[in-house]
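Please work through each task before reading its solution.

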Amino acid sequence: MRSDLRTGSLVKQTFVGLSLFLVVAFVYYESPIHYLTDNAYSVLMDEAILVHGTPDMSSYQVEHGQQSPFINHGYLYTIDLVNGRLLYVYPWGCSLLSLPLVAFFDAFGLKVAPRGVYNVANETEIQAAAGAIFSAVVVAIFFGTSSLFLSRGWSLAIALGAAFGTSMWSAASRTMWPQTGYLVLISLVAWELAKMKPRPLLLGTLLAWACFARPQASPIVLVVSLYVLIEFGLPVFLKYAGAGAAWGSVFAATMLLFFGRLLAPSYSTMTGFSGLLPRAEGLLFSPSRGLLVFMPIVLWTLYLAARYWWCLPQKRLAFLALAVIAVHITMTACWGGWWGGWSYGPRLLMDTIPWFVLLTVVGVRAFLDDRQLTMQKCSAVIAAAMLLLAVSVAMNAPGALSSTANAWNATPNVDQYPDRVWDWQRPQFLAWGVVLPRRHHRASSDRWR
């Protein structure tokens, strides 16, 4: 009987998770703003691999130009000639993860380069679908992680809140940013750790791929590795490290073979700690890039963590989440282009969303276990969450629905006038207006990585 109950619960859980994925993917895909930026030509690379067995795109006819953003031998800034090969110069991890989807679309006749001629509209269409699917997978993973600690209702609420009250909607799902694939991988890492019985080989594999998709993850890997060693012991750590090192060697050899360096050519050096505090302040509070401005729901998460710190379940897990968030914000603040180029809201901080979700789950568990909380105080805490979530959804909606909110970056160019992100008289989240028809596309020159 008990086994039947468990099977029935698992079936219901799977059904809810799958339904959540389908609904969120549909909304993400139908939200009208989709575009190409740092990911332009990444799908063409996939097609070159599928058709010719190489990432070299030299056999395709692509657009040329003389001025920015055509800066690499007359090619768009995302591709360049390297040792006679035309290569995508951003990290390859997300592009390689997209190979099965590109193969699927190719089989049904949607090709990036029909008859060998690159078609920007086709790539935008594929990336719109891929971005929606990958991001919806992340939301489903959030549901699974939450279900380890909370009821189905609470898990669904947290997953939907993350889906539409964060940069998942306004940035990650708009296109296949390098971060979009990374979010799938790092969300699975958080889920594995939350289970308290992680599979070390899988964990090492996920983190190695996360670094390949987004090299900025390297400091995060060090933090997670320390946690694995302390929490699960040396035998688990050695298996985890071995798997990571094996994959890392493959990725390093790949980069050295094609580029002669370990990192994709698009990466530059950090600015350093000079000016760190003003940049960190901008990442948190600026009206057009601030995390707490666009996702005020995280204030509720931080409140729960602080309020119940001494009685949090899995306190080490909560500490890990906070440490990863702090490290990523600090690392991003060490770059001169902390505003993230032509994007909407705190795009460069969407890497922290899985860790905020994990922290929320642990905090909500402690909140629900508080038997001394009166009904009035309980209602006040939940009402505060609903209010902050509503504001967060309203703040992120323009990034997915409004063309003028995205065009805010261009007038004047935010990369040339970055002080605009501090302008409270004309913040990006108030740049509502014309909503474009579905499948809007453009290529922007976000030259900071």
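**Exercise 1. What volume does the largest pocket have, and which residues lie nearest its centre?**

Solution. Begin with the volume, which is about 510 Å³ for the largest pocket. The model is predicted, so local features need pLDDT of at least 70 and side-chain atom pairs count only at pLDDT 80 or more, while totals for chains, interfaces and linings use all residues. Residues are numbered from 1 along each chain as its sequence is written, and side-chain values use heavy atoms, with hydrogens and water left out.

A pocket is an open set of points on a 1 Å grid over the protein atoms alone, with protein on both sides within 12 Å along at least five of seven lines; a cavity is a set where a 1.4 Å probe fits but cannot get out, and lining residues have an atom within 4 Å of a point. Grid points are joined across faces, edges and corners, and a volume is the space filled by probe spheres set on them.

Next, take the lining: of its 22 residues, Ala-208, Cys-211, Phe-212, Ser-218 and Gly-248 lie nearest the centre. Then assign elements, where helices (H or I, at least four residues) and strands (E, at least two) are DSSP runs numbered from the N terminus. At least two lining residues come from each of α9 (200-213), α10 (218-232) and α11 (234-259), and α11 has the largest share, eight residues.

Finally, sort by class: Ala, Val, Leu, Ile, Met, Phe, Trp, Tyr, Cys and Pro are nonpolar, Asp, Glu, Lys and Arg charged, and the others, Gly among them, polar. The lining holds 17 nonpolar, five polar and no charged residues.

**Exercise 2. Which element gives the largest share of the lining of the second largest pocket?**

Solution. The second largest pocket has a volume of about 330 Å³. Its lining comprises 19 residues, with Ile-158, Gly-161, Ile-297, Trp-300 and Thr-360 nearest the centre. Two or more of the lining residues come from each of α6 (152-164), α14 (297-307), α16 (353-368) and α17 (375-401). The largest share belongs to α6, with five residues. By class, 15 are nonpolar, four polar and none charged.

**Exercise 3. How many of the 14 residues of α9 are buried?**

Solution. Buried means under 20% relative accessible area, exposed over 50%, and partly exposed in between (1.4 Å probe, protein chains only). In α9, 10 of 14 residues are buried, among them Leu-203, Leu-207, Ala-208 and Phe-212. Contact means heavy atoms within 4.5 Å; the elements covering these buried residues include α3 (93-97), α8 (178-194), α10 and α11.

**Exercise 4. Is Ser-173 buried or exposed?**

Solution. First locate Ser-173, in the loop between α7 (167-170) and α8. Its relative accessible area is 0%, so Ser-173 is buried. Not counting residues up to four places away in sequence, Ser-173 touches Tyr-28, His-34, Gly-131, Ala-132, Ser-135 and Met-168.

**Exercise 5. How many bridges join β1 to β2?**

Solution. Two strands pair if DSSP finds at least two bridges between them. Strands β1 (residues 79-82) and β2 (residues 85-88) run antiparallel and are joined by four bridges. Val-82 stands opposite Arg-85 in β2. The two strands form a hairpin with two residues between them, and Asn-83 in the turn has a positive phi of about 55°.
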